Amino acid sequence: MVLSICFAFIIGVLFGNYASTALFRLPRNIPISGYNTNTGKAPHCSTCEHKLKFYEYLPVLSWVSTKGKCNYCGVKINPKYTILEVATALLALSLYLYIGSFNEEYILLLCAGTLLNLSLFLFNKKNSAVDKILLLTGFIGGIYRTLTEETILNWVFGLSVAYFIWVSITMKIKKMSGNENSFLNLFFLAGVWLKASILLPYIVILLSLKAANKLSLSKKFQLGVIALYSLVILSL
Ligand SMILES: [Zn+2]
């Protein structure tokens, strides 16, 4: 049991580390696999360019050894990378405690959760990475529900309902910003992930978020993702 919990935590840290790498690289258009292939450099401080020792860039260890600052130039490292890593590690841990084994469902839920965590941090960046992440999360949802419900009918039905509502909303919008599009894509995501009984209540939540004039678009998106997250977890 203790060993499994440690294992879940390590998996979570690895997923989180990959997510935080993506968080740094996607907005800068750097390929997300391998070392920084644009410059051919090993891990380095992005301010002073000093090469990092392994304990300065490995997840968790790096946080302990640097205390949130570069050991060479002293520039503060944005805490969002550590927050993303820790949040993903906690997700991996709690999913394990909830599901009780490292099965296919566990892997799919962890992948989807990691991507959603990442999307929360990426939303304000001016590129289409969030849309791709949401698409991938929806794809994982299709696999997950086909696996657990042994039919594609349920999620195809949910997706159709969501699509119908999405069309009726977007028809009324003359010019859509990239960010608004990402917010509306939550309809698709919910259509795939949520069972019929909670899909409609969630869509009501999304519609009220959309109508809330006082909220910024990124707040709306964050609240929408968090609500979706909670509903998926609660319905497991
Ligand atoms: Zn530095």
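Q: How many helices and strands are there in the protein?
A: There are eleven helices and zero strands. Helices (H or I, at least four residues) and strands (E, at least two) are DSSP runs, numbered from the N terminus.

Q: Where does this model come from?
A: It is a predicted model, in which local features need pLDDT of at least 70 and side-chain atom pairs count only at pLDDT 80 or more, while totals for chains, interfaces and linings use all residues. Residues are numbered from 1 along each chain as its sequence is written.

Q: What box do the C-alpha atoms fill?
A: Roughly 55 × 50 × 30 Å, taken along the principal axes.

Q: OK, helix H4. What span should its 20 residues have?
A: H4 covers residues 80–99 and should span 28 Å at 1.5 Å a residue; its end C-alpha atoms are 28 Å apart, which agrees. The expected span is 1.5 Å times one less than the number of residues.

Q: Which residues in H4 are buried?
A: Among them are Tyr81, Leu84, Leu91 and Tyr96. Buried means that 20 or more other C-beta atoms, placed from the backbone, lie within 10 Å of the residue's own.

Q: What covers the buried residues of H4?
A: The cover includes helix H1 (2–25) and helix H5 (104–122).

Q: And what follows H4?
A: Glycine 100, with a positive phi near 85 degrees.

Q: Back to the whole protein. What share of the 236 residues is buried?
A: Buried residues make up 30% of them.

Definitions and conventions: Buried ≥ 20, exposed ≤ 12 C-beta atoms within 10 Å, placed from the backbone. Contact = placed C-beta atoms within 7 Å.
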